[in-house]
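Please follow the account below with the sequence and the model side by side. It treats a helix pair and then the sheet.

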Amino acid sequence: MRSTGISLQGAIELIRPSVIEHLMRVVCLDLEGVLVPEIWINVARTTGIPDLNLTTRDIPDYHELMKTRLGILDRHGVTLPDITGVIASMEPLEGALTFLSTLRERTQVVILSDTFQEFAKPLMQRLKWPTLFCNSLSVDDAGRITGYQLRQEDGKREAVRALSTMNLTVYAAGDSWNDLTMIQEAHQGAFFQPPESIRREHPEVPVCMDYRELEEFLLT
Ligand SMILES: [Mg+2]
């Protein structure tokens, strides 16, 4: 018989019940603060505009936050190429690629992010092109960011809800306020290295403080 290159032990390992079970699971992961650094904080540091340090941790209302950010960019003349230049120099968080690769071997993973596809591409390349659902920007000919389009309102929660209708068990993890509805909608959800404020307000949500803990939570 022609060899398949897979040992008997390897074949048995592939059909273990726990592996099959995980094929019926999908893990929804936040991007910034879980796999990569906060994009806007890096932009703030590189451009020297401290007002851009605001994140969903500071202004939980996404539209209010984006309106504030776009106003700041306009006042300082910062364009999309300026921002993508900063993002191209960013690296995933230490250990993120190994963590994500292990997850993707064991189960299905979708990254749900409030960032924009125009921002995400260099980071997705460094993470070996995982599936990403996010938003998009409107940009004029001069590179000025004129607006943004949400894929849908409360898109993280809606994605979890839709995946659940496909008879998948949905696990979710994120670090902040914009992940709360996604985590609450999922069958199992946890915070990853959250700020103290959200941890205090939502003591019912499990907390993982490193990738080892998060991997155990998501794969058990
Ligand atoms: Mg985040």
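In this predicted model, helix 6 passes helix 11 in a right-handed crossing. On the side of helix 6, the contact is formed by Phe-99, Thr-102, Leu-103 and Arg-106, and helix 11 contributes Tyr-211, Glu-215, Leu-218 and Leu-219. Sorted by class, these residues comprise five nonpolar, one polar and two charged. Helix 6 spans residues 96–106 and helix 11 spans residues 211–219; their axes lie 11 Å apart and meet at an angle of about 15°. Angles under 35 degrees count as roughly parallel, and helix 6 and helix 11 are therefore roughly parallel to each other.

The strands form an open sheet of seven, in the order 4-3-2-1-5-6-7, and their pairing is mixed. At its edges are strand 4 (145–149) and strand 7 (207–208), each of which pairs on one side only.

Within this sheet, strand 1 (residues 25–29) runs parallel to strand 2 (residues 108–116), and four bridges join them. One point of reference is Val-27, whose bridge partner in strand 2 is Val-109. Strand 2 is also joined by four bridges to strand 3 (residues 131–139), again in the parallel sense. Here Val-110 stands opposite Thr-131 of strand 3. Between strand 2 and strand 3 the chain passes through helix 7 (residues 117–126), giving a right-handed β-α-β crossover.

Another parallel pair consists of strand 5 (residues 169–174) and strand 6 (residues 188–192), connected over four bridges. In this pair, Ala-172 has Gly-189 of strand 6 as its bridge partner. In a regular strand, side chains alternate between the two faces of the sheet.

Key:
Residues numbered from 1 in each chain as written. Predicted model: local features only at pLDDT ≥ 70, side-chain atom pairs only at ≥ 80, totals over all residues. Pairing = 2+ DSSP bridges. Helix = DSSP H or I, 4+ residues; strand = E, 2+ residues; numbered from the N terminus. Right-handed = clockwise from strand over helix to strand, strands pointing away. Axes fitted to C-alpha atoms, helices over the stretch in contact; angles between N-to-C directions. Parallel < 35°, antiparallel > 145°, perpendicular 65-115°, else oblique. Left-handed = near helix turned anticlockwise from the far one by under 90°. Contact = placed C-beta atoms within 7 Å. Nonpolar A, V, L, I, M, F, W, Y, C, P; charged D, E, K, R; others polar.
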